[in-house]
Amino acid sequence: MVATFEKGLLWVIETVCLVLLIALALAVTYSTTMRYFGSSPSWYDEIASVLLAWLTYFGATYALFLRQHMSFGGIVTALPKRAAVALALFSEFLVIAFFAVVAWYGNAVLAVAKWDSLLSLRWMTLDIVQSVIPITSVLMIIGTLLTMPRALKNAAEGIDSDHAEIEQAIADAEREKALGSRKDDKK
């Protein structure tokens, strides 16, 4: 049930990232083309900045769900089991606390931002633009809570996911090399 919810939420975040990336690419392409013809749109700079910011926030959320963010796994795995789990748990709660503060204050900013708008698109108020901050902060809290059991299990087992991923990539490359050399020997 939890794994299904996590996969579904990850799919939604991935889809949002893809839509934002396509929208950004289309905006840049359109603006570049129109600039070439001497009719550059006035909204391009602001919309491109907003799309890039939103893509960055949602991309960071996606990375958090995959546990691809910066961490110090080597320090945790070097500690004894109890200390490693305690440090991992403490760091998880620090992440949750940080994003709770960001969500709280990000939401507080929305009340002020609703009275201002973009310069080129007056109908788009800054609360719409800034809403990405509390939204992705809440998603990051959810992502941390959903992936925390795996992080604590890895800490207890002394597994550094970064090193495990590198070792897996090396093993895959060696397997491909061995398959390639067998094919060459058959020729």
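Reader: How many salt bridges does a search of the whole structure find?

Author: Keep in mind that this is a predicted model. A salt bridge here needs a side-chain nitrogen of Lys or Arg within 4 Å of a carboxyl oxygen of Asp or Glu. Searching the whole structure turns up 4 of them. In one, the side chains of E6 and R150 meet, with 2.8 Å from N to O. E6 sits in helix α1 and R150 in helix α6 (residues 132-157), so this pair ties together parts 144 residues apart in sequence.

Reader: Okay, back to α1. At what angle does it cross α2?

Author: Look at helix α1 (residues 2-36) and helix α2 (residues 44-65): their axes cross at roughly 155 degrees and come within 9 Å. Angles over 145 degrees count as roughly antiparallel, and α1 and α2 are therefore roughly antiparallel to each other. Their contact involves 20 nonpolar, 3 polar and 3 charged residues.

Reader: Is that crossing left-handed or right-handed?

Author: For α1 and α2, the crossing is left-handed.

Reader: What about phi of R67?

Author: Here's the general idea: most residues other than glycine have a negative phi. R67 isn't a glycine, yet its phi is positive, near 60 degrees. You'll find R67 in the loop between α2 and α3.

Reader: And which residues form the nonpolar patch on the surface?

Author: The patch consists of M70, F72, I75, L79, L87, F90 and L94, and together they have about 740 Å² of accessible area. Helix α4 (residues 81-113) gives the largest share, 3 residues. M70, meanwhile, lies in the loop between α2 and α3 (73-78).

Terms used. Residues are numbered from 1 along each chain as its sequence is written. This is a predicted model: local features need pLDDT of at least 70, side-chain atom pairs count only at pLDDT 80 or more; totals for chains, interfaces and linings use all residues. Side-chain values use heavy atoms; hydrogens and water are left out. Axes are lines fitted to C-alpha atoms, for helices over the stretch in contact, and angles run from 0 to 180 degrees between N-to-C directions. Helices (H or I, at least four residues) and strands (E, at least two) are DSSP runs, numbered from the N terminus. Angles under 35 degrees count as roughly parallel, over 145 as roughly antiparallel, 65 to 115 as roughly perpendicular and the rest as oblique. A crossing is left-handed if the near helix is turned anticlockwise from the far one by less than a right angle, and right-handed if clockwise. Ala, Val, Leu, Ile, Met, Phe, Trp, Tyr, Cys and Pro count as nonpolar, Asp, Glu, Lys and Arg as charged, and the others, Gly among them, as polar. Patches are made of residues with over 30% relative accessible area and no salt bridge: like charges are joined within 9 Å, nonpolar side chains (Val, Leu, Ile, Met, Phe, Trp, Tyr) within 5 Å. Accessible areas come from the Shrake-Rupley method with a 1.4 Å probe; for residues, only the protein chains shown count as cover.
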